[in-house]
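Reader: Could you walk me through how to read a few features of a new structure?
Author: Gladly; let us look at it together.
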Amino acid sequence: MPPAETVPLAPSPVPVRGLHHFAWRCRDSEETRRFYEDLLGLPLVHVIKSDHVPSTGEYCPYVHIFFQMRDGSYIAFFDLGDDTAALPSPNTPAWVNHIALRVDSVADLRAAKARLESADVEVLGVTDHHIIESIYFFDPNGIRVELTTPTVPLAEMEAHARRAHAELDAWTLRKAELRGKAAA
């Protein structure tokens with residue numbers, strides 16, 4: 001069997017340092033501000049207003065709002081002025097697409113749950129994922145948000161990292177088997 005061809009890699013990986021922002025469409029920027037700033041405690045720190053999209057030049061009046069997290073990253077939203085929220089993906093269950101935000105402790109997680117529920121936000125969890133505990137809820141735009149906190153030592157996470165490629169390879173094989181059974 002001839003050796004597998006390899007694709008040459010760039011000289012070095014892209015130097016990604018972390019998340020700057022996650023952006024999503026919102027139905028109403030003030031409603032979104034109340035949720036993220038007043039309820040979750042993420043301060044509104046920047047607002048961009050324009051009639052034209054800088055990257056494409058197309059006409060689309062909008063406001064782009066940014067809420068800062070304690071690590072310096074942001075969650076951001078576009079209000080396009082038409083009171084329309086982004087539609088969920090029709091081929092994806094509602095629990096799949098979400099943003100997970102980290103809190104410092106299980107006590108903080110439980111306090112957040114109580115605060116959200118007192119504001120009439122439906123909260124699922126606390127869910128134990130064996131390495132983290134999480135709660136889940138939807139923001140006013142239909143975006144699923146997870147608040148989570150690690151519950152295991154760093155050494156355990158490092159052990160998971162060492163097994164990650166082997167576990168993904170095993171899933172790839174199982175997925176092929178599942179596809180084969182579905183086709184039969």
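Author: We will go through salt bridges and then a loop residue. This is a predicted model, where local features need pLDDT of at least 70, side-chain atom pairs count only at pLDDT 80 or more, and totals for chains, interfaces and linings use all residues. Residues are numbered from 1 along each chain as its sequence is written, and side-chain values use heavy atoms, with hydrogens and water left out.

Reader: How many salt bridges does a search of the whole structure find?
Author: A salt bridge is a side-chain nitrogen of Lys or Arg within 4 Å of a carboxyl oxygen of Asp or Glu. The search finds eight. One of them joins Arg33 and Glu37, at 2.8 Å from N to O.

Reader: How are Arg33 and Glu37 placed in helix H1?
Author: Helices are DSSP runs (H or I, at least four residues) and strands are E runs of at least two, numbered from the N terminus. Arg33 and Glu37 are about one helical turn apart because four residues separate them in helix H1.

Reader: Is Ser73 buried or exposed?
Author: Buried means under 20% relative accessible area, exposed over 50%, and partly exposed in between (1.4 Å probe, protein chains only). Ser73 has 5%, so it is buried. Ser73 sits in the loop between strand S3 (59-68) and strand S4 (74-79).

Reader: Which residues does Ser73 touch?
Author: Contact means heavy atoms within 4.5 Å. Leaving aside residues up to four places away in sequence, Ser73 touches Leu19, His20, Phe67 and Gln68.
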